[in-house]
Amino acid sequence: MTGSDASDAAASFRLAYIPGATPAKWVRIWNERLPDVPLTLVQVPAAEACETLRGGAADAGIVRLPVDRTLFNAIPLYTETTVVVVPKDHVVTAVDEVSLADLDDEVVLHPLDDVLGWDRPPGEPAFERPATTGDAVELVAAGVGVLVVPQSLARLHHRRDLTYRPVVDAPQSSVALAWLEEAYTDLVEEFIGIVRGRTVNSTRGRARAQAQRKEQRAESKDSRRKPAAAGRSAGKGRSAKAAARGRRGAGVRGGRRDRRGRR
């Protein structure tokens with residue numbers, strides 16, 4: 001493989017994303033702006049997203065906060081509404097929103113992959129914790145209990161026999177774009193620009209190309225400056241010679257006047 005081929009092979013971008021995240025819009029814009037750089041999506045469980053970035057399996061990731069800020073840079077994207085998932089005939093459906101106190105008498109399922117970080121989950125605990133949010137949703141459908149999750153996960157596991165309502169005082173989960181600080185690249189900057197809504201003209205990506213243009217401009221200035229300097233040096237030489245001749249001429253003329261004056 002030649003150096004050029006190796007460079008082409010390396011020109012790719014891998015984006016990790018957690019369940020519930022929807023990066024499709026950003027991927028579409030990426031494909032429009034950088035058609036020569038393929039973007040690969042890597043779906044990972046929320047708890048494994050940062051480890052995926054640390055292991056180099058992705059260049060950046062859509063993750064849930066918090067992240068270790070000594071290792072990662074992160075741009076918060078949004079904070080999700082927390083909802084309770086219930087059967088469609090549940091009493092909760094009679095209102096537009098609920099509080100945690102409204103769930104005190106409910107069996108509230110607490111899956112092992114929970115992302116809300118409860119100090120203490122509301123309601124009555126289930127006999128055992130479901131392994132995943134998907135398993136918990138199945139138990140809700142079976143009438144075993146209710147489930148409190150970020151809204152994106154309720155939508156991800158949507159069933160026609162279930163619905164959800166906002167929980168106004170529940171913990172919330174924030175989503176961010178994160179990357180390993182030591183693995184920052186021009187392509188990461190390109191994706192940051194897309195996520196932040198920069199236009200093609202305002203994007204600050206392609207830093208390498210910009211640096212090359214600056215170097216070219218600097219070289220061009222240097223090449224223009226050198227002939228001018230040479231010209232000035234030559235001019236200085238001619239000026240010095242002319243000045244010397246002028247001084248000698250002035251001395252001769254001055255001497256003649258002096259001799260005539262003494263006569």
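This is a predicted model: local features need pLDDT of at least 70, side-chain atom pairs count only at pLDDT 80 or more; totals for chains, interfaces and linings use all residues.
**Group meeting: pocket, sheet and aromatic cluster**

Okay, let's start with the second largest pocket: β3 (60-64), α4 and α5 (151-156) each give at least two residues to its lining. Helices here are DSSP runs of H or I with at least four residues, strands are runs of E with at least two, and both are numbered from the N terminus. A pocket, on a 1 Å grid over the protein atoms alone, is an open set of points where a 1.4 Å probe fits, with protein on both sides within 12 Å along at least five of seven lines, and lining residues have an atom within 4 Å of a point.

Residues are numbered from 1 along each chain as its sequence is written, and side-chain values use heavy atoms, with hydrogens and water left out.

Back to that pocket. 23 residues line it, and Ala 46, Ala 47, Arg 64, Asp 113 and Val 115 are the ones nearest its centre.

Now the sheet. It's open, with five strands in the order β7-β6-β8-β5-β9 and mixed pairing; to pair, two strands need at least two DSSP bridges between them. At the edges sit β7 (124-125) and β9 (162-166), each pairing on one side only. Further in, β5 (residues 82-87) and β8 (residues 146-150) run antiparallel over four bridges, and Val 84 has Val 148 in β8 as its bridge partner.

Last topic, the aromatics. What does a search of the whole structure find? Five aromatic pairs, meaning rings of Phe, Tyr or Trp (its six-membered ring) with centres within 6.5 Å; planes under 30 degrees apart are stacked, over 60 edge-to-face, the rest tilted. Take Trp 26 and Phe 191: centres 6.3 Å apart, planes at 85°, so that one's edge-to-face. Trp 26 is in helix α2 (residues 24-33) and Phe 191 in helix α6 (residues 186-195), so the pair ties together parts 165 residues apart in sequence. Both are buried, that is, under 20% relative accessible area with a 1.4 Å probe and protein chains only, where exposed is over 50% and partly exposed lies in between.

Phe 191 also pairs with Trp 30: here the centres are 6.1 Å apart and the planes at 50°, so this pair is tilted. Trp 30 has 0% relative accessibility, so it counts as buried. Put together, Phe 13, Trp 26, Trp 30 and Phe 191 make one aromatic cluster.
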